[in-house]
Amino acid sequence: MNWLRHLLAVVVLSAAALACMHRLVAEPSGIIVGPQNGGRNDLTAFFIPWRSFLKIGWTESGHPPMWNPYGLGGIPWLGNPQSAMFYPPNWLYLITTATWLPGWMMVGHLIFGGLGAYSLGNWWKWNWGVSVLVGCAFLSAPFLIAHLAEGHYNQICVTAWLPWGLLGFLRMREGRRLSVPILAGIFSLAFFAGHVQELYYLILTLSFWVLCDVLLPSAWRGEQSPLKLFGNWALTGCVLIGIVAVELGPIYNYTRQAVRASGVDLQSAAGLSIGLESLWQLWNPFVHGGPTDYHGPGVLYWESVLHFGVLLTGLALLSPIVRFRDPMVRRLFVTLVISLVFVAGTRTPLFMIFFKYVPGIAMFRGPARLLFWVSLLVCLLGGFTLQTFVERLTKKPSIGRLLAVGLIGLVYLVVMTENIRHANAVTRVIPNQDFRSDSEIALFLRDKIGFEGNDDSRVIVDQNLLSDREAWNHGIGKVHAYDPVPLMRAALLIDVLNPLHPPNEELVGLLPTYPARYRSNILDLLAVRYAVVPAGGPSVPEGWELRKRGTVRPETVLAGSSASLLAYEIWENTDALPRAFVLGNTELVTGESVSDLLAKVQPRRHVIVAKDVLSAAESRQPFTPAQIEELTPDSLTIRAKLDAPGYLIVSDLISPGWKATVDGQPTPLIPVNVVHRGVALGPGEHTVEMWYTPPGFKFWGIVSVTTICVLIVMTLQTMRAGRETIIRRDPTA
């Protein structure tokens, strides 16, 4: 029975994934990480707090969050490429913020991806054992596990859809019914998973396949014409854009403001590539070191490891020899070769041509991410070779079947032994009880400037002493935050705050935040009241008073490891600026650079504006605090009282999508002090409301809903037409 075979396949695939993640199985409430950096990786530093914020933001706003006010002066939530708010599995985070959930979600996606590879084997009518082996090999592929150990949650989710996307394309290529809605649905879910680079590479590859079919019709063996395939492929692209418009539009607006607006430079691409030396990794994945001591081509182990298992690689290389008449094998093998040349990045002319002429290539971080796709190609080609051997053996008498079973079992044992050993070397677990939570630093700040306090000021603190997860869980506003693609305004502000810092490390909060190292006027502009610093650092400037000393455990402690306590001090800026205030004196933007302008701002004396829109009155409002009466992640209500014309200044980042009203009447938001929000006010008492909605969100939402509705109607009509065809052919059906 087919369903029983499929069920058994799921069991075997799950067992293979759990064998690779045996440390997590032994500590099911733990957090899966790698041995590098004491367990701090993208999962602990980025994805756990970002996934947790979905529930926090909804609880505070009463609706899905659009903006996160707790880091970098404010972070657009919907539109950030990695928030993945529309990915259905992530809706589980609306129920719980459990730190163990992301790790198990990645394991679940590995199993799902393995099931996709298994389904491809079924599509090609492979032996059941061969199909299961390929599925297990893909879900445990060293490149995937290395990224899982670095906490690349979104990449693992997207990669799980790659074999399903290929399967959907093969259905379309053979002219199967409903191929357009099925493939568009697969691509849409992969897009919503939050890391479009891997999906982009898949779509780019399949687009070249379609082009080959159109230009080389002699090689076509499908049930439909190449031109019809081209039309269906184009229709799939249009439907895909329509479905994901609700997030694609905000992402487009976000990336135009982000530090990567102009794309990734060639130097960065070179650091995430492979070289000729990487070929030694085909034999031994650790020949150039592992996650903690990598010294090979590229910068990082998990971005550069070129290993697929020795036996599986050998089988893949044999595929064009043993299946030289199979057009699919030839296509897969040519794709594999081209992909490997591309992954070499700036070391080959191929990548340079793509980088210059193919839209989208320059927007992504590095070519090595194509190794996700390459891992699948190697598994499939190895499966084709093994299937050929099995077919030849089963043509013999009963002994041939036994030999075929033995061969599959032997290959499975070798492949999984290699992959499990690799997984064991690159993965570790942080026990849940050793993952710092509700530290005395977090509780102190929560009662002062967090959810329990009556102050909306901010704190400067590095990630070691107070992580984003701890801060956001308690409503504590941090100046720094771990965001791989921050807004340009946020990067500019941090750069001016400390011009002598290593920019990337300072931006994400990996350096100690001593007030003596920062410009005091920028600290005031950011409404910084508290500084949490490692004990024994430089003396603080005048006006700061010590409020607390103590020690805390590191946030991440690997199982079986011990870590020294971190000594800290909490200092208070006794003359901190409020987060909202009014001020009338202005200084106009001149020909100076924005960095120089921002560095000279005196927030108590004047406000920098591009154009002074206040009336030419003799007097202007002196510096006066304003009162924030209501605050949610993406809205705030402020009451301000003025005796003369002035500007309301809110020390939060300005971004397209923010709107304002004054006493219920719409009013324009003005960029003040280069990066913050302002509103021009006349004398009197005013109520100012500000709220954020990504630009064009309603329009793009309507496009997505309309596309889905049209797609449902088309699907139902196609299904009805198919049913009527069956009835006409067989009236008894």
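1. Let me start with a side-chain pair that is worth a look: E569 and R549 are joined by a polar contact of 3.2 Å between their side chains. Please keep in mind that this is a predicted model. E569 sits in strand β9, which covers residues 566–573. Its relative accessibility is 11%, and since buried means under 20%, E569 counts as buried. Beyond its neighbours within four places in sequence, E569 is in contact with A531, V532, V533, A535, G536, L546, K548 and R549.

2. A527 is a backbone point to check on your screen. Its phi is near 55°, a positive value in a residue other than glycine. A527 belongs to the loop between α23 (520–525) and β7 (528–534). With 0% relative accessibility, A527 counts as buried.

3. L178 also has a positive phi in a residue other than glycine, here near 65°. You will find L178 in the loop between α8 (162–173) and α9.

4. Moving on to helix α9 (residues 179–192), have a look at F187, which lies in it. F187 counts as buried, at 2% relative accessibility. Which residues does F187 touch, not counting those up to four places away in sequence? They are G165, L199, L202, I203, L206, W233, T236 and L240. As for G165, it is 22 residues from F187 in sequence, and the two C-alpha atoms are 6.6 Å apart in space.

5. Next comes a pair of helices, α10 (residues 196–215) and α15 (residues 327–343). Their axes come within 12 Å and cross at roughly 130°, so the two helices are oblique to each other. The crossing in which α10 passes α15 is right-handed. On the α10 side, the contact is made by Y201, T205, W209, C212 and D213, while α15 brings M328, R331, L332, T335 and F342. Sorted by class, this contact has six nonpolar, two polar and two charged residues.

6. A second pair to inspect is α5 (residues 128–139) and α17. The axes of these helices come within 9 Å and cross at roughly 155°. Angles over 145 degrees count as roughly antiparallel, and that makes α5 roughly antiparallel to α17. The crossing of α5 and α17 is right-handed. From α5, the residues V130, L133, V134, A137 and F138 meet F372, S375, L376, C379, L380, G383, L386, Q387 and V390 of α17. The class count for this contact is 11 nonpolar, three polar and no charged residues.

7. Helix α17 spans residues 371–394, and S375 is placed in it. Is S375 buried or exposed? At 1% relative accessibility, S375 counts as buried. Leaving aside neighbours within four places in sequence, S375 is in contact with F138, A141, F143, L144 and F308.

Technical notes:
Residues numbered from 1 in each chain as written. Predicted model: local features only at pLDDT ≥ 70, side-chain atom pairs only at ≥ 80, totals over all residues. Heavy atoms only, no water. Helix = DSSP H or I, 4+ residues; strand = E, 2+ residues; numbered from the N terminus. Buried < 20%, exposed > 50% of the residue type's maximum accessible area, 1.4 Å probe, protein only. Contact = heavy atoms within 4.5 Å. Axes fitted to C-alpha atoms, helices over the stretch in contact; angles between N-to-C directions. Parallel < 35°, antiparallel > 145°, perpendicular 65-115°, else oblique. Left-handed = near helix turned anticlockwise from the far one by under 90°. Nonpolar A, V, L, I, M, F, W, Y, C, P; charged D, E, K, R; others polar. Polar contact = N/O pair within 3.5 Å; in protein donor to acceptor, adjacent residues only side chain to side chain.
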